[in-house]
Every structure is written in C-alpha cells, then in structure tokens.
Amino acid sequence: MLTTLLAPYLDKPIDGIVLGCTHYPFVRDAISALFKPGIPVHTGFEGVAKQLRHVLVEHDGLTAATTPGDVTWMSSEPDAVDYYQSLYDMLKK
C-alpha cells in the first residue's frame, strides 16, 4: 500500500521526508525503505509527546505508577474499534 501511495515520489530528487502525523512513525522504517538510503526522515511525535506531558503535569494527570495500565479503544465509528485493536496487536509483536 505504501508503495502505491508513494509511487509518484519514488523517482524524484528528495532532500528529506517529513512525517506529518503522530502515527506515521509506526511505519517510518517501511517508508524509508522505499527511498534511496541516507534520506533523512523527520517526525513530530517527540514534540507531541512533550506537549502531552506538559498538559498532563499542568492538570495533575501524571502517575508515578510503574506497572502497565490498560488501553481502551473508542471511536466515532464503533465498527472500526476491532480494526484498530488488530493494528495495535500487530505493532506489539
């Protein structure tokens, strides 16, 4: 699927790749592998994580717990929840 989506760019001269959504780092290696070696891949997820931490601290939402918590899947499209769960399960492997 990535090859099909990115096909128009594969033969273009590229200085860098910017992944503009927080979930793209999950497929960063697969995207990078489609292009010539050495092309830098930039993400914004570290900034998002820092901002999330800031907001949690601001609202006393951080915990000192060191044990894993639970994940609850919700969606405005209830039929999609099983699909999201299956993708998450694939990533944990």
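Colleague: How much space lies in the largest pocket?

Modeller: About 460 Å³. This is a predicted model, where local features need pLDDT of at least 70, side-chain atom pairs count only at pLDDT 80 or more, and totals for chains, interfaces and linings use all residues. Residues are numbered from 1 along each chain as its sequence is written, and side-chain values use heavy atoms, with hydrogens and water left out.

Colleague: What makes a set of points a pocket, and what does volume mean?

Modeller: The 1 Å grid covers the protein atoms alone; a cavity is a set of points where a 1.4 Å probe fits but cannot get out, while a pocket is an open set with protein on both sides within 12 Å along at least five of seven lines. Lining residues have an atom within 4 Å of a point. Points are joined across faces, edges and corners, and the volume is the space filled by probe spheres set on them.

Colleague: Which classes make up the lining of the largest pocket?

Modeller: There are 10 nonpolar residues, 1 polar and no charged. Nonpolar covers Ala, Val, Leu, Ile, Met, Phe, Trp, Tyr, Cys and Pro, charged covers Asp, Glu, Lys and Arg, and the others, Gly among them, are polar. The lining includes His23, Trp73, Tyr83, Tyr84 and Tyr88.

Colleague: Why is the pair of Trp73 and Tyr88 called edge-to-face?

Modeller: Rings of Phe, Tyr and Trp (its six-membered ring) pair if their centres lie within 6.5 Å; planes under 30 degrees apart are stacked, over 60 edge-to-face and the rest tilted. Trp73 and Tyr88 have ring centres 5.2 Å apart and planes at 65°, so the pair is edge-to-face. Trp73 lies in the loop between α3 (45-58) and α4 (81-92) and Tyr88 in helix α4, so the pair ties together parts 15 residues apart in sequence. Helices are DSSP runs (H or I, at least four residues; strands are E, at least two), numbered from the N terminus.

Colleague: What makes the pair of Tyr83 and Tyr84 tilted?

Modeller: Tyr83 and Tyr84 have 50° between the planes, at 6.1 Å centre to centre, and the pair is tilted.

Colleague: Why does Tyr83 count as exposed?

Modeller: Buried means under 20% relative accessible area, exposed over 50%, and partly exposed in between (1.4 Å probe, protein chains only). Tyr83 is at 51%, so it counts as exposed. Tyr84, at 34%, counts as partly exposed.
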